Amino acid sequence: MQDDWDKFNSFEEYDAFTQNWLGQCYRVLKDTGTIWVIGSYHNIFRLGKILQDIGFWILNDIIWIKTNPTPNFKGTRFNNSHETLIWATKSQKSKYTFHYHSLKSMNDDLQMRSDWYIPICQGSERLKVNGKKVHSTQKPEELLYRIIISTSNIDDIVLDPFSSSGTTAAIAKKLGRNFIAFERDTFYVEASRERISKIIPFEKNI
C-alpha cells in the first residue's frame with residue numbers, strides 16, 4: 001500500500017517491527033488461545049518464519065480468494081486475487097478452540113476447506129467519510145465472522161493490535177465476544193467507535 005503506516009525502509013526494519021509485535025502477542029496469548037495473521041505475497045512468508053522462530057505452532061494456512069479483486073491495470077503481472085491467513089497456537093501441545101461442526105453447518109454440511117471465496121469489502125459495508133474510503137484495506141465482515149466464530153467462544157477476549165476500521169471489534173461484539181483493539185490513528189479510532197456503537201449483538205448462541 002502507499003499509506004504511511006505500510007512503509008518500511010528495509011526488510012530488516014520490517015522484520016524487527018514484526019518480531020516485536022508478534023513477540024508481545026505470544027506473551028499475552030493464553031495457552032488455550034490461537035492467533036491469526038494475514039498478509040499478501042509481500043510479507044506473508046516473512047510473517048510465517050518469524051511466527052515459527054518465536055515459538056508459535058502453525059495449524060493451517062487459509063487462502064482468502066477474492067471473488068471481485070482489483071484488476072491489475074498495467075497488465076504486467078497476474079491479477080493478485082488472494083491473501084493468505086496463518087492460524088497458529090502457542091505450542092504444538094496447546095488445547096485450542098475449534099468449532100468444526102459450526103463451520104460444517106455453515107458450509108452445506110461439508111467440511112470447511114482452507115480456500116475461502118469471499119468478496120472484498122464493498123457496498124454499504126465499506127466505511128466512508130465524505131464519500132472516501134476510511135481505510136484502504138478494510139476487511140470484509142464475512143472473513144472475520146468465520147475466524148471468530150470458528151476459534152473462540154462467547155465471552156472470550158479477541159485482541160486486534162492493528163484495529164484500523166474496527167472490523168474485528170465489530171464482529172466480536174456482534175458474536176458476543178469481548179474485544180481489545182489497538183489503533184494509533186485518531187481518524188480510524190473515531191470511525192471505529194461510531195461503527196462499533198451501532199452494533200447489536202446476536203441474541204442467540206450461534
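Contact here means heavy atoms within 4.5 Å. Helices (H or I, at least four residues) and strands (E, at least two) are DSSP runs, numbered from the N terminus. The model is a predicted one, in which local features need pLDDT of at least 70 and side-chain atom pairs count only at pLDDT 80 or more, while totals for chains, interfaces and linings use all residues. Residues are numbered from 1 along each chain as its sequence is written, and side-chain values use heavy atoms, with hydrogens and water left out.

Start with helix 5 (residues 167-174) and helix 6 (residues 186-197). Thr167, Ala169, Ala170 and Lys173 of helix 5 meet Arg195, Ile196 and Ser197 of helix 6. By class, this contact of helix 5 with helix 6 has three nonpolar, two polar and two charged residues. Ala, Val, Leu, Ile, Met, Phe, Trp, Tyr, Cys and Pro count as nonpolar, Asp, Glu, Lys and Arg as charged, and the others, Gly among them, as polar.

The axes of helix 5 and helix 6 are 9 Å apart, and the angle is about 15°. Helix 5 is therefore roughly parallel to helix 6. Axes are lines fitted to C-alpha atoms, for helices over the stretch in contact, and angles run from 0 to 180 degrees between N-to-C directions. Angles under 35 degrees count as roughly parallel, over 145 as roughly antiparallel, 65 to 115 as roughly perpendicular and the rest as oblique.

The axes of helix 4 and helix 5 come within 9 Å and cross at roughly 55°, so helix 4 is oblique to helix 5. From helix 4, Glu141, Leu144, Tyr145 and Ile148 meet Thr167, Thr168, Ile171, Ala172 and Lys174 in helix 5. The residues of this contact divide into five nonpolar, two polar and two charged.

Not counting residues up to four places away in sequence, Ser150 touches Trp36, Thr97, Phe98, His99 and Leu103. Its side chain reaches the backbone oxygen of Ile147 at 3.0 Å.

Ser164 lies in the loop between strand 7 (157-160) and helix 5. With a relative accessible area of 15%, Ser164 is buried. Leaving aside neighbours within four places in sequence, Ser164 is in contact with His135, Glu183, Tyr188 and Ser192.

Terms used: A polar contact is a pair of N or O atoms within 3.5 Å; within protein, one must be able to donate a hydrogen and the other to accept it, and residues adjacent in sequence count only if both atoms are side-chain atoms. Buried means under 20% relative accessible area, exposed over 50%, partly exposed in between (1.4 Å probe, protein chains only).
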